[in-house]
Amino acid sequence: MAAAKSKAIELQVGDQLVRVSNPDKPYFPARDITKRQVVEYYRTVAPVLLSVLRDRPVVLKRYVDGVEGEAFYQKRVPKGAPDYVETVQVRFPSGRPADEICPTSEAVIVWAANLGTFDFHPWPVRRPLVDSPDELRIDLDPQPGTDFSDAARVALVLREVLADAGLVGYPKTSGGRGIHVAVRIRAEWDFIDVRHAVIALAREVEKRAPSLATSAWWKEERGERVFIDFNQAARDRTIASAWSVRGTARATVSTPVPWDDLSTVDPDDFDVLTVPAYLAEHGDPHAGLDSEAFGIETLLEWYAADPRGEMPYPPDYPKMPGEPMRVQPSRARKS
């Protein structure tokens, strides 16, 4: 028999009153964390989270039955959204348009949390320039046999490469074993150029730390190294934002950290229960992210000078100009 629903509550968020249904619903049973606690978490971090999401198309990763239920990505604005939820139109790689939510107030964040949203996945663009990324995102993804400490070592190499390219990055835990690094860039290039810039970064990091990092798209070639996932820079590819709750049993949070702390933190220490105090004590380590926007000219020069050229796109993409065959190397050799 299903548990009885708890009485809805209303929360004042700025000028809006946001209704929260069934607030005592278990969301993270292993830690006795309820929907109310997740919503309250988001109300607490909403000011810094809004600085991440404001005016960006945002995909919601929803867990309407909690972390043990099945999650889904809400790309289009949900029906029945209140008037204060603004939208913006984007186009998928297929060319199809979609209206996605575009947060402009803290109430939107709390409203989305009531829908069972754990992760907020913003596009790296801001309206009205929805075809010109203003953020370079580097996703360090530990492969089997590696962990967060390996990603942290690769991140330090990445920091050196960024500096050599005249760029400043801001790291955060992914909420799992990985690390994400964001660089504010001028919105002067399209998705293809920005992806090429990340490919150039990945190759240079791999060149400097070949035993630790890899830019190989095919899993069979990665080995026990940290994969720099350049395809996260492709159109309609997003990563969980800073301050997003992740769908882990511990209710971990993707948390900004200073570079100097990256090698000593434990990503499991950042969760729904601990991050509000961390934020209150340390402030936002990404507060300077918007202070300067950089150019990617040097990275594009590196990419153009590399004879290897283009890399494979994700399998659901249309065939792209200059793209090599989407066949894993072992099969290509057999044929």
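Of the 335 residues in the protein, 55% are buried (under 20% relative accessible area with a 1.4 Å probe and protein chains only; exposed means over 50%, and partly exposed lies in between). The model is predicted: local features need pLDDT of at least 70, side-chain atom pairs count only at pLDDT 80 or more, and totals for chains, interfaces and linings use all residues. Residues are numbered from 1 along each chain as its sequence is written, and side-chain values use heavy atoms, with hydrogens and water left out.

The protein contains seven helices and 14 strands (DSSP runs numbered from the N terminus; helices are H or I with at least four residues, strands are E with at least two). The C-alpha trace spans about 60 × 45 × 40 Å along its principal axes. The radius of gyration is 20 Å, which agrees with the value near 20 Å for a compact globule of 335 residues (taken over C-alpha atoms; the rule is 2.2 Å times the number of residues to the power 0.38). Among contacts with a separation of 6 or more, 68% join residues 24 or more positions apart (contact means heavy atoms within 4.5 Å).

The accessible surface comes to about 15,000 Å², and carbon and sulfur atoms hold 50% of it (Shrake-Rupley method, 1.4 Å probe; for residues, only the protein chains shown count as cover).

Helix 2 covers residues 106-114 and is mostly covered, with eight of its nine residues buried. The buried residues include V108, W111 and N114. Just after helix 2, G116 takes a positive phi of about 90°.

H180 lies in strand 12, residues 179-184. It counts as buried because its relative accessibility is 6%. The H180 side chain makes a polar contact of 2.7 Å with the side chain of K172 (a pair of N or O atoms within 3.5 Å; within protein, one must be able to donate a hydrogen and the other to accept it, and residues adjacent in sequence count only if both atoms are side-chain atoms). Leaving aside residues up to four places away in sequence, H180 touches several others, among them D139, Y170, I239 and S254. The C-alpha atoms of H180 and R137 are 7.0 Å apart, although 43 residues separate them along the chain.

H196 lies in helix 4, residues 191-208. This histidine is also buried, at 11% relative accessible area. Its side chain joins that of E310 in a polar contact of 2.9 Å. Beyond residues up to four places away in sequence, H196 touches L300, Y303 and E310.
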